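This report describes a protein chain through its ring contacts and its nonpolar cores. Please look over the structure before reading on.

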Amino acid sequence: MIPLRIESDSFVDQATSEPVRPPSMSTLSDIDVRATVSASVIETFSSMLSMEIKPVEGEPPPGQGIRRMVGTLNFAGKVTGIFNTQLTFDFGRLMASSLLGMEPEEVESGTEIRDLVAEITNIVGGNLKSALNDSGYPCVLSTPSITYGTDFSIKSLNMDRFDRYAFQKDDQVLIIEVGLKEQEGADSGIDFGSPDGASRVPHVDLQKLEALDYGRRLADAAVDVFDTMFSLKLERMEPVSAAGLEGMRYISSVCFAGDSTGIVSLHVGQALSRLMAANMLGMEPEEIEGTSEIEDMLGELGNIVGGNLKSALTDTGLRCALSTPSFTIGSDFQIESLNLERFERLAFRHDSHIVLVEMGLKISELVKAAPPPAREVQPRAEESRPPPARRDAPVAAAPAAPAAAPPRAPAPPAAPAAPFQAQPEPSATPEARAAPEDLGLDLLLDIPVELTVELGRTKMPIHELLKLRPGSAVKLAKLEGEAVDILANDVLIARGEVVVRHEKYGIRITEITSRVERLRGLK
């Protein structure tokens, strides 16, 4: 394992007072990204698609003019950057047909291929994230997005390292692109140094979160930054589809990940982008050469608008980290962000130019499943009084019965009763009302409890059951992304979601079933 990166007062350049990384500590350039990505791609294609794919050397062929798809993830945390999985539409159809056991021409042109590309991007990108975590660069991943079309390119600026790998299956090519940048002092509220830091339930003001007006927040940020940064006035207009924008355009996107995952994208045409960069630099539009000034300007724009939304989310108690901006440049493409619950599209006009601001957002299931804050329960006054005497009992002839329970002492205000603590029935014997110290955990040590996780169930005829062989796929009656059931001795006690951390498979608990549900499950 590569040792964790450490910076302390013992490694300081005395001349510059800058921290110096010891020679034995790892840097981003020390991480073997190629080995991690290659092993993950080969294993995923073999186990998931029953395909043999091989890494190839040399620069892959250009993709311009060819119908293709790119699955994109963004890293955020101690390392930030971008991860792209690129392939032609024909290769995607071939992969989907292998997964579904169909002929390529039987695969529909949309959902199956898109979802498969997103899943492979998640798997390979997730394995790289685990390798980064193990190397001392903990981070979180955004939700995937899919870009498809014939004329576009995607990149992330100012990376510390950029790698591009090609893999080949027959005459089809798969391209993986990785851009990474070390991000010191990432202010996200997430303890990236802790393996379970991102899985801890945060303290969120749900009322404040529900009252958050995302559209107004984005609109105010966009109008303000165009006025102060570019001296351009934006007017709100009715939303229009991004597919209706014509000509060369630039999209600046920033992703956030953590308790809330999502993306903020700004669509700006080429002519307006050049005008914005010229106004910011005090130049004429025709003096702008190339795209570097435009990309730097749009990156700052994405950081400001996306950072404004991140601040609103963190103000509610959510923890999230912001990625560096990524850019999509082209004239024929569309972008879909997947697995998001809320979507906003705002449209603005400056003269004849149109600006689109889009947002996709999903709140973590941990936040939704978090119980409301516990309220302190004060003991009622009547609990401090002894129980009244029975009317039918002769008071004068009532000796103290040895089997009678002594009056219950009043509960101290600072120590409320523990949940699920069983109270003795009125007819219980003195032995059943033994002191708690007599009922230690030793009584439970020899009781076996089997904990199981149920991913799903299915029914199939006997003749189909007899056809099962190693490698056969069994369809379950659960949808992808649905919570899995956690059972103790066949009794449902909780629900959770599947997580993979450091290449280890686990379940994160998102919901504890109620006491009534557990009692109903007892046999």
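## Charges over rings

Arg 67 sits over the face of Phe 89, 4.0 Å from the ring centre. A charge counts as over a ring if NZ of Lys or CZ of Arg is within 6 Å of the ring centre and within 35 degrees of the ring normal.

## Basis of the model

The model is predicted: local features need pLDDT of at least 70, side-chain atom pairs count only at pLDDT 80 or more, and totals for chains, interfaces and linings use all residues. Residues are numbered from 1 along each chain as its sequence is written, and side-chain values use heavy atoms, leaving out hydrogens and water.

## The chain overall

The chain has 10 helices and 18 strands, taken as DSSP runs numbered from the N terminus (helices: H or I, at least four residues; strands: E, at least two). Of its 523 residues, 39% are buried, meaning under 20% relative accessible area with a 1.4 Å probe, protein chains only.

## Aromatic pairs

The chain holds 3 aromatic pairs. Rings of Phe, Tyr and Trp (its six-membered ring) pair if their centres lie within 6.5 Å; planes under 30 degrees apart count as stacked, over 60 as edge-to-face and the rest as tilted. Phe 45 and Phe 91 have ring centres 6.2 Å apart and planes at 35°, so this pair is tilted. Phe 45 belongs to helix α1 (residues 33-49) and Phe 91 to helix α2 (residues 89-100), 46 residues apart. Phe 45 is buried at a relative accessible area of 0%, and Phe 91 is buried at 0%.

Phe 152 and Phe 333 form another tilted pair, with 6.1 Å between centres and 50° between planes. Phe 152 is in strand β5 (residues 145-156) and Phe 333 in strand β12 (residues 326-337), so the pair ties together parts 181 residues apart in sequence. Phe 152 is buried at 1% relative accessibility; Phe 333 is buried at 4%.

## Nonpolar cores

A nonpolar core is a set of buried Ala, Val, Leu, Ile, Met, Phe, Trp, Tyr and Cys residues joined through side-chain atoms within 4.5 Å. The largest has 45 residues, of which Phe 226, Met 276, Leu 298, Leu 301 and Leu 313 touch the most other members. Helix α5 (214-230) is among the elements that each supply at least two residues, and α5 gives the largest share, 9 residues.

A second, separate core of 39 residues includes Val 33, Leu 49, Phe 83 and Phe 91.

Methods. Buried means under 20% relative accessible area, exposed over 50%, partly exposed in between (1.4 Å probe, protein chains only).
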